Structure formats: structure tokens, C-alpha cells
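Hi everyone, and thanks for making time. I'd like to walk you through one chain this morning, so please have a look at the picture first.

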Amino acid sequence: MSRATRWCTYGERVTGRLLFTRVTTRQQDVFAISVAAYVLFSMLDCFTTAVALASGHAYERNPFAASIYGAHGVYGLYLFKFVVVALIIVGMRILPRVAATWVATVFSAVIALAVISNLHVIVNG
């Protein structure tokens with residue numbers, strides 16, 4: 001294999017990991033669904049966290065978010081969570097598509113568990 005051929009092969013492998021690469025429609029659809037699920041569960045987490053905190057039976061487990069909630073109330077908490085979700089989505093756009101899909105799926109599952117925990121607190125007090 002010539003040096004130019006190795007460079008082309010290596011260059012093709014490298015560009016396959018970059019942000020603006022072509023991915024199949026199926027990969028893009030699965031990624032979009034995973035991100036949509038992550039955003040949906042994050043929104044549900046914001047709402048259920050606010051309701052649980054207002055009930056007085058819960059506390060924010062994230063110390064940084066708790067300090068924001070203490071200083072700025074529920075709107076500060078919403079803004080904080082929005083910024084975190086936005087940064088995570090930007091980070092997922094940089095990852096290879098398959099890895100980003102797995103990250104979004106795992107984050108969705110973790111946030112779904114937080115929503116279930118919040119709902120438990122809301123219902124059972």
C-alpha cells in the first residue's frame with residue numbers, strides 16, 4: 001500500500017467521526033428520537049421537580065441546582081436545567097452518531113428514573 005493510499009484511508013476514517021459527516025437516514029432518525037426522548041424527559045423532570053419542591057416533601061439532590069433554586073426560585077432552576085440540557089445536546093452533536101445515540105438513550109433512562117422518583121414523592125407525599 002502506498003503512502004498516499006494509507007493517507008486516503010486514514011483521512012476517510014477520520015472524517016467519518018466529524019460533526020458534519022453523512023449518516024444514514026436510519027441512524028439520523030434513531031438519534032433524533034433519542035434526543036427527543038431526552039428533551040421530553042428533561043422537561044418532565046423540570047416540571048415534576050418544581051411540583052415536588054413546592055410540596056415541601058422533596059429537595060433538590062444536585063447541590064449546585066439547589067443553590068440556584070434557593071437564590072432564584074423555580075425560574076432559576078428551569079433556566080439552569082435548560083442550559084444543562086442544551087450543553088449536553090451540543091456535546092452529543094460532536095460525538096459519533098452511534099455513540100451519541102447511546103448517550104442520549106442512557107441519559108433518557110436516568111432522567112426517566114428521576115421523573116418516577118419525583119412522581120412518587122408528589123403522589124405519596
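What we have is a predicted model, where local features need pLDDT of at least 70, side-chain atom pairs count only at pLDDT 80 or more, and totals for chains, interfaces and linings use all residues. Residues are numbered from 1 along each chain as its sequence is written, and side-chain values use heavy atoms, with hydrogens and water left out.

First, the overall picture. The chain has four helices and zero strands, where helices are DSSP runs of H or I with at least four residues, strands are runs of E with at least two, and both are numbered from the N terminus. Along the sequence, that reads as α-α-α-α. Of the 125 residues, 24% count as buried. As for contacts, meaning heavy atoms within 4.5 Å, residues 24 or more positions apart account for 74% of those with a separation of 6 or more.

Now, how do the helices pack? H2 and H3 meet at an angle of about 170°, and their axes are 11 Å apart. Axes here are lines fitted to C-alpha atoms, for helices over the stretch in contact, and angles run from 0 to 180 degrees between N-to-C directions. So H2 and H3 are roughly antiparallel to each other; the cut-offs are under 35 degrees for roughly parallel, over 145 for roughly antiparallel, 65 to 115 for roughly perpendicular, and oblique for the rest. The residues in that H2 and H3 contact divide into 17 nonpolar, three polar and three charged. For that count, Ala, Val, Leu, Ile, Met, Phe, Trp, Tyr, Cys and Pro are nonpolar, Asp, Glu, Lys and Arg are charged, and the others, Gly among them, are polar.

Moving along, H3 packs against helix H4, residues 97-124, at about 150° with the axes 8 Å apart. That makes H3 roughly antiparallel to H4. From H3, Ile 88, Met 92 and Arg 93 meet Arg 97, Ala 100, Val 103, Ala 104 and Phe 107 of H4. Sorted by type, the residues of this contact are six nonpolar, no polar and two charged.

Let's zoom in on helix H2, starting with Ser 42. Ser 42 is buried, with a relative accessible area of 8%. Where does its side chain go? The side chain of Ser 42 reaches the backbone oxygen of Tyr 38 at 2.8 Å. Not counting residues up to four places away in sequence, Ser 42 touches Val 85 and Ile 111.

Cys 46 counts as buried, at 12% relative accessibility. Setting aside neighbours within four places in sequence, Cys 46 is in contact with Tyr 78 and Lys 81. The C-alpha atoms of Cys 46 and Lys 81 are separated by 7.2 Å, although the two are 35 residues apart along the chain.

Tyr 78 brings us to the rings. There are three aromatic pairs in the structure. In one of them, Tyr 75 and Tyr 78 have ring centres 6.4 Å apart and planes at 70°, so the pair is edge-to-face. The rule is that rings of Phe, Tyr and Trp (its six-membered ring) pair if their centres lie within 6.5 Å, and planes under 30 degrees apart are stacked, over 60 edge-to-face and the rest tilted. Both tyrosines lie in helix H3, three residues apart, which is about one turn of the helix. Tyr 75 is exposed at 66% relative accessibility, while Tyr 78 is partly exposed at 29%.

Over in helix H4 sits Asn 118, which counts as buried at 8% relative accessibility. What does its side chain meet? A polar contact of 3.1 Å joins the side chains of Asn 118 and Asp 45. By polar contact I mean a pair of N or O atoms within 3.5 Å; within protein, one must be able to donate a hydrogen and the other to accept it, and residues adjacent in sequence count only if both atoms are side-chain atoms.

Last stop: Glu 60, in the loop between helix H2 (25-55) and helix H3 (63-94). Glu 60 counts as buried at 15% relative accessibility, and its side chain reaches the backbone nitrogen of Asn 62 at 3.3 Å.

How values were computed: Buried < 20%, exposed > 50% of the residue type's maximum accessible area, 1.4 Å probe, protein only.
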